[in-house]
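Me: Could you take me through the open spaces of this model, and then through one of its helices, with the reasoning behind each answer?

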Amino acid sequence: MPYPHSFSHTFHRYKLDELQKWKKPRTIFVCSMADLFGDWIPDEWIEAVFEACRKAPQHRYLFLTKNPKRYKELADKGKILQSKAVWYGSTVTSGNSPRFCSYGTYNTFASLEPLLKPLGEVPSFIKWVIIGAETGQRKGKVIPEKEWVDDIVQAAEKERIPVFMKDSLIPIVGEKNMRRDFPWKY
């Protein structure tokens, strides 16, 4: 029996045509409130999104998943989009979280949000790091320590990786210490 509060996955193909209508270049966070690379998403849906991106090359596309093994599976099948304008992100909450290893072929980033414990090293194959604290009022919410954030920033600087800190870190590191680097401007 399905979970009583679940919803059906829906693919709105008509939305894909909007990308071509937007002439001014934009940075588009694809499926910002969903995970396009979840195991439950058919390859055909992902391929249709990639095709829409190909047809609108004036934009920059950000993808983020908690399931980066799907990137590799698609890459192994020759189905993943390769472009300077496409960025593949992995949600990372600890040093042993899975990531998409690009080996220089793809633009990759790590979204360290929520940061739940010290991360350790920042792998050099990652081309951008986003850092954020856990938000909301969850009981037992983890508040990252400033030292954890500082260590990540130092490791990223060592590897010449741009860092973007989300507003949720302002109470931890202070406004004057916030980093807002974008790799395409680095």
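Me: How much space lies in the largest pocket?
Reply: The model is a predicted one. Rolling a probe the size of a water molecule over the atoms shows where empty space is left. For the largest pocket, the space found comes to about 650 Å³.

Me: Which residues that line the largest pocket are the closest to its centre?
Reply: The lining of the largest pocket consists of 25 residues, and these divide into 18 nonpolar, 4 polar and 3 charged. The closest to the centre of this pocket are Thr-10, Phe-11, Val-30, Cys-31 and Leu-36.

Me: Which element gives the most to the lining of the largest pocket?
Reply: Two or more residues of the lining are given by each of α1 (18-21), β1 (27-29) and α2 (43-55). With 3 residues, the element that gives the most is α2.

Me: How much space lies in the second largest pocket, and which element supplies the largest share of its lining?
Reply: The second largest pocket holds about 550 Å³ of space, and among its 21 lining residues Phe-29, Ser-32, Leu-64, Thr-91 and Ser-111 lie nearest the centre. Its lining divides into 12 nonpolar, 5 polar and 4 charged residues. At least two lining residues come from each of β2 (60-65) and β4, and the largest share, 3 residues, comes from β2.

Me: What span should helix α4 have, and how far apart are its end C-alpha atoms?
Reply: Helix α4 covers residues 146-158, and at 1.5 Å a residue its 13 residues should span 18 Å. The distance between the end C-alpha atoms agrees with that expectation, at 18 Å.

Me: Where do the buried residues of α4 fall when seen down its axis?
Reply: The buried residues of α4 are Trp-148, Val-149, Ile-152, Val-153, Ala-155 and Ala-156. An α-helix has 3.6 residues a turn, so residues three or four places apart point the same way. Down the axis of α4, the buried residues fall within an arc of 165 degrees, so they line one face of the helix.

Me: What covers the buried residues of α4, and which exposed residues does the face turned away carry?
Reply: The cover over the buried residues of α4 includes β4 (107-112), β5 (129-131), β6 (163-165) and α5 (170-173). On the face turned away from the buried side, the exposed residues are Glu-147, Gln-154 and Lys-158.

Me: Which residue just after α4 takes a positive phi?
Reply: The chain just after α4 has a residue whose phi is positive, at about 60 degrees. That residue is Arg-160.

Technical notes: Residues numbered from 1 in each chain as written. Predicted model: local features only at pLDDT ≥ 70, side-chain atom pairs only at ≥ 80, totals over all residues. Heavy atoms only, no water. Helix = DSSP H or I, 4+ residues; strand = E, 2+ residues; numbered from the N terminus. Expected span 1.5 Å × (residues − 1). Buried < 20%, exposed > 50% of the residue type's maximum accessible area, 1.4 Å probe, protein only. Arc of directions from axis to C-beta. Contact = heavy atoms within 4.5 Å. 1 Å grid on protein atoms, 1.4 Å probe; cavity = no way out; pocket = protein on both sides within 12 Å on 5 of 7 lines; lining within 4 Å. Points joined across faces, edges and corners; volume = space filled by probe spheres on them. Nonpolar A, V, L, I, M, F, W, Y, C, P; charged D, E, K, R; others polar.
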